[in-house]
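I opened this model to look up a few local features and to record them in order. The entries below follow the order in which I consulted them.

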Amino acid sequence: MQRIGKVMRLIVSCLVALAVIVSLFIANAYTNKYSSLISVYFNAETQKIIEAEDESSDYFTSDYADENEMKEHMESVGAQIEEEGAVLLENNGALPLDKNLSITLLGQDSVDSVYGGGGAGSVDTTKAVSIYTALENAGYTLNPVAKDFYENGAGATYRKTVIDAYGQGEFAVNEVPQSAYTADVKNSFADYNDAAIVMIGRSGGESADLTTGELSSGYKYLELDNNELDLIKMATESFDKVIVLLNTQNPVELGGLEGLDVDAVAWIGALGETGANGLAKLIDGDASFSGRLVDTYAYDSMSAPAMANFGSYNITNSEEMMGTNYMVYAEGIYVGYKYYETRYEDVVLGNEAASNYDYASTVQYPFGYGLSYTTFEYSNYSVDETDNTFEISVDVTNTGDTAGKEVVQVYMQNPYTDYDKENNIEKSAVDLVGFAKTDDIAAGDTETVTISVDKSSMKTYDEYGYGTYIVDAGDYYFTAAKDSHDALNNILAAKGYTVANGMDYDGNAELVFNKNVAELDSATYATTETGATVSNQFTDGDIRTFDDSFRYLSRADWSGTWPTTYSDGSWDAPEDFVAGEAIKEIDDTVTEEPVTGTIDEEYGKLNVAMLRETDYDDPLWDTLIQQMSVDEIDNLVRVGGYGTVGIDSIQLPATVDKDGTAGISSTLVGGENGTAYPPEIVLASTWNKDLAEEFGKCIGEDSIALSVAGWYAPAMNIHRTPYSGRNFEYYSEDGYISGEMGAATVLGAQSKGAMVTIKHFALNDQETNRMGINVFANEQAIREVYLKAFEAAVTKADAHGVMASMNRIGNTWTGGHVGLMTNVLRNEWGFEGFVITDQASYSVFAYEDLREGLAAGTDIWLNSDAELWKLGKADMNNTVITNMQKAAKNIVFAISRSNAMNGLSAGSKIVSITPWWKYPLYVLYVILTALALIPVVFSALNLKNGDNKKRRITSFVMDLVFSILLLGTGLSLILVTSNDSDLSAEFMPVGITIGVIGLALAVINVVITKIYGEKPEVEVEK
């Protein structure tokens, strides 16, 4: 019995050791598989550059003497974005507040403020300046009793909540109810009663949209709820001055404030790291509000026509992976002000019954709206027409008592003609076509503002008629205005309409210029500057292709075409559509074997540094790429998650790439953060293109300092509805201002060598079902609303990177859509650079097919798994390799223009190095392997030489510890990845297997020890 026990002890020890060693092999395989991602997390270098003597290679350098000077500038830019982006909505003279007052801050948001959003756009709030700190530094004395109540007292149990990066959790307001306020808190108001500032907070995040239905409170998430309204009522009853600050990311319904005797209301957005400092300057009057809204604020956020089709809708007869959901943009072009203002004009013109639509009770604050501490008047409006532009000038006079900046907005009205009605072309009553922000204008002074409007703004897309861009015959109106509604009233005044026709106020006809076009022009914009012919590319994305009875929302019949949820949210799609969701087969049409791994006899061995200033179309790029082996090309294209691999044959440096629309972020992949700024919606609200460019430069400075060459930003999607979870990291409901601010940001970032990837291209305007969802829209809306911002970033700023979206257009994944990725992006717009997928690191993203994407014009997969997307030898045919070479050229070209090239000259050499984290890992593997073998050795000695109690106990304890470690490792893998369905799919089976083995070994170990310990054979070694 004793010998059996010793044999079994040896067997158990061997099994434990084997399990440990196999687990270490698995761990090593996974660390190698995700080596690049781990290196990003630890900021570990994977290469070093041996510089050539006497060759300059500092292509992108910092503008600052040291890190402290750079950081100080970045913090000031963050403060300026908030200072110029915050929007004053109401003010009866309460703001600005005199300095050195005693103030009470109210609301749980005062101690738990919104600094950024969640997911890829999140910021490091541990470094953020709080509103308390900023106001105290400005000289105000703040109520400590109220602060303690929210931080440590009964108010501390109430906090707003948002979903996490995996879409888990809920959006909830959770404002402190009146019943929780103690007498001590209320009594403290008397000592800090110069003013009350009520903070209202709302945030968003990646992976889920805001809740559209009623919350448990009975209110919508974007509505002020009963606890917030009660809080504001308490403030108005206790303080003479009450200021409401909207620390919100999406337009909030503010009708509840009317009648509450609030003295001032300001939207401040999210604050970023130092935005609170800029806010303090506005509150104390060191600066004047100059931000303007980039979204329409409706009394009822559900009044937007897009809300009829927003959420989760199912294709009943599809079983395609990530292909069972759909979304129809039934509202067409009528997003935001394009709907609200157009329907108002139709009421004034008599084309729509006033009983069907009342602008005054529908829109609370129009697009472009914002107040200042001073007032401005426009005069001497003039327009000079050139061959390609309208040069619009206006004098802006400060008629108030304090200095301030004004935003001059130029809007155009395109004629809505019979041809349009016959061919289903829609026209907004006004379109933003230009804007400029003045310098600080002193009281009584005047600044002349000139805005250049390109004549191409007059074009409209005619999908069903000419199948290209046209310029309609008729009258075009251009006006300078303070907001979209002001602009429309000016144009209506120029047409002869007044309040007698139903206008809410008379416009100023003197600020309007009329341009008549005698004949419809279908030729001028049918060809782009690149020489490409413009034609329909998105017929497959038009729901009318599959349902010819469908009608998009039309101003020709607002009520008759008002959107309803398409097919009631449960669509039995045509069979040809469902079949078309499948990954497209790519035929091998290239007959000549591609040249790979070959050095050209004429040019000799080339490297990337030699071509750093070589034009994109130069054949030398092809010669360079032909030096790369098939394996090198394959790795460059396949493994591009949060960095690109280095390529020895052409001396291409590896890069580190990170997310962060509000600043380079470590949230998703670790490593270091850059400075965190107020998000894109606040930046857009500055209407200051120079500031946007400076923001981009700051990103570039951090890119150099942190050695993060790639920036997964800026984000260019549209606020199609108020409820998108990521509206905070997109600029606006309007494509024009989104494009202008995005282009300026790109210019700034690329001037410092940061590789941008404007995202998410395209129609990724909601988070719900964003993976694979089939999105439908007509071509006019796609081009004029959703592609407009991306187009500006490419054509005006020469962006070298684009990120494809996860959704489909029609039934084709965007990255596999030739019309989008090649015909429009490259041919029409002249894009030179690479297209990267959105997340593609897991098998669940199989629909983002490598071969289909390469054929369409996608170049690199955001994949951190070194084994994923590998094709077999039979699949690596001539066509695939040729497409990979095209992709490699696009990637290498973009990197050659980036700060990843710093230190690399034509004579430099890149040497691959083992990242530092691998050395301690290897040491750990050796130690664990050695420790795991000790019980084997001891058990063998006991079997051979007789029982030794110390060896027996040591073997038992060590085997038990390793078994428990295996169990813990398995459980950890399960728990850590459980919130992410993609990680869970890969790691849960591994975790379960290791955990079960660990548990089984632990049980067997205890049982065998019991058997072994019943009648030990005690022997004394000689």
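**Conventions.** I am working with a predicted model, in which local features need pLDDT of at least 70 and side-chain atom pairs count only at pLDDT 80 or more, while totals for chains, interfaces and linings use all residues. Residues are numbered from 1 along each chain as its sequence is written, and side-chain values use heavy atoms, with hydrogens and water left out. For helices (H or I, at least four residues) and strands (E, at least two) I take DSSP runs, numbered from the N terminus. I call a residue buried under 20% relative accessible area, exposed over 50%, and partly exposed in between (1.4 Å probe, protein chains only).

**Helix α5.** I looked up which residues of α5 (residues 144-151) are buried and found A146, F149 and Y150. Seen down the axis, these buried residues fall within an arc of 90°, so they line one face of α5; the arc is that of the directions from the helix axis to the C-beta atoms. I note the background that an α-helix has 3.6 residues a turn, so residues three or four places apart point the same way. The cover over the buried residues of α5 includes β3 (102-106), α4 (131-137), α6 (183-188) and α7 (226-238). At the N-terminal end of α5 I found a cap: a side-chain oxygen of N143 lies 2.9 Å from the backbone nitrogen of V145.

**Helix α8.** I then asked how many of the 9 residues of α8 (residues 275-283) are buried. The count is 7, so α8 is largely enclosed by the rest of the structure. I list the buried residues as G275, A276, G278, L279, A280, L282 and I283. They pack against α3 (67-85), α4, β5 (195-201) and β6 (242-247). Just after α8, I recorded a positive phi of about 85° at G285.

**Surface patch.** On the surface I found a nonpolar patch formed by V7, I11, L15, L18, V22 and I26, with about 450 Å² of accessible area together. Of these, I placed L18 in helix α1 (residues 2-33).

**L904.** I located L904 in the loop between α23 (878-896) and β33 (909-912). L904 is buried, with a relative accessible area of 2%. Leaving aside neighbours within four places in sequence, I find L904 in contact (heavy atoms within 4.5 Å) with I49, S57, Y59, A609, Q651, P653 and I910. The C-alpha atoms of L904 and E55 are separated by 8.9 Å, although these residues are 849 residues apart along the chain.

**Cis peptide bonds.** I noted a cis bond between K759 and H760, with omega about -5°. H760 is in strand β26 (residues 758-761). I also noted that the peptide bond from F761 to A762 is cis, with omega near 5°. A762 belongs to the loop between β26 and β27 (774-776).

I found S207 with phi near 85°, a positive value in a residue other than glycine. S207 sits in the loop between β5 and α7 and is partly exposed, at a relative accessible area of 24%. N424 is not a glycine either, and I recorded its positive phi of about 55°. I placed N424 in the loop between α11 (418-422) and β15 (431-437). N424 is partly exposed, with a relative accessible area of 35%.

Conventions: Polar contact = N/O pair within 3.5 Å; in protein donor to acceptor, adjacent residues only side chain to side chain. Patch = residues over 30% accessible without salt bridge, like charges linked within 9 Å, V, L, I, M, F, W, Y side chains within 5 Å. Areas by Shrake-Rupley, 256 points an atom, 1.4 Å probe, with all protein chains shown as cover. Salt bridge = Lys/Arg side-chain N within 4 Å of Asp/Glu carboxyl O.
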